[in-house]
Amino acid sequence: MRQWNRNIHVGIAFVGFTQNNAKRKILDVDGSLVYLPNRTNLYLDPPESVVESIRQMIVKRKKR
């Protein structure tokens, strides 16, 4: 019989919308490179806030 390690934790993070790098380019529908558009109609979390939320999830490791 196989012994399984039961000390495994899984976390799911829904981070919503995050600020992006304004200098980042993406492919447009025609294949050309365009700058990633800024979203002005949404609240955007700064990347540092998203990282801290995920870090806290890892540190706390709540059982549910």
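Helix α1 covers residues 47-60, 14 residues in total. Its first and last C-alpha atoms lie 20 Å apart, close to the 20 Å expected at 1.5 Å a residue. That expected span is 1.5 Å times one less than the number of residues. Helices (H or I, at least four residues) and strands (E, at least two) are DSSP runs, numbered from the N terminus. Just after α1, Arg-61 takes a positive phi of about 40°.

The model is predicted: local features need pLDDT of at least 70, side-chain atom pairs count only at pLDDT 80 or more, and totals for chains, interfaces and linings use all residues. Residues are numbered from 1 along each chain as its sequence is written, and side-chain values use heavy atoms, without hydrogens and water.

Now the surface. Val-15, Ile-54, Met-57 and Ile-58 make a nonpolar patch of about 290 Å². Patch members of this kind have over 30% relative accessible area and no salt bridge, and nonpolar side chains are joined within 5 Å. Val-15 sits in the segment before β1 (25-27). Val-15 counts as partly exposed because its relative accessibility is 31% (buried is under 20%, exposed over 50%, partly exposed in between, with a 1.4 Å probe and protein chains only).

Val-51 belongs to helix α1. At 54% relative accessible area, Val-51 is exposed. Val-51 and Val-15 are 36 residues apart along the chain, and their C-alpha atoms are separated by 9.4 Å.

One ring contact remains. Lys-25 lies over the face of Tyr-35, 5.0 Å from the ring centre (the criterion is NZ of Lys or CZ of Arg within 6 Å of the ring centre and within 35 degrees of the ring normal).

Methods:
Patch = residues over 30% accessible without salt bridge, like charges linked within 9 Å, V, L, I, M, F, W, Y side chains within 5 Å. Areas by Shrake-Rupley, 256 points an atom, 1.4 Å probe, with all protein chains shown as cover. Salt bridge = Lys/Arg side-chain N within 4 Å of Asp/Glu carboxyl O.
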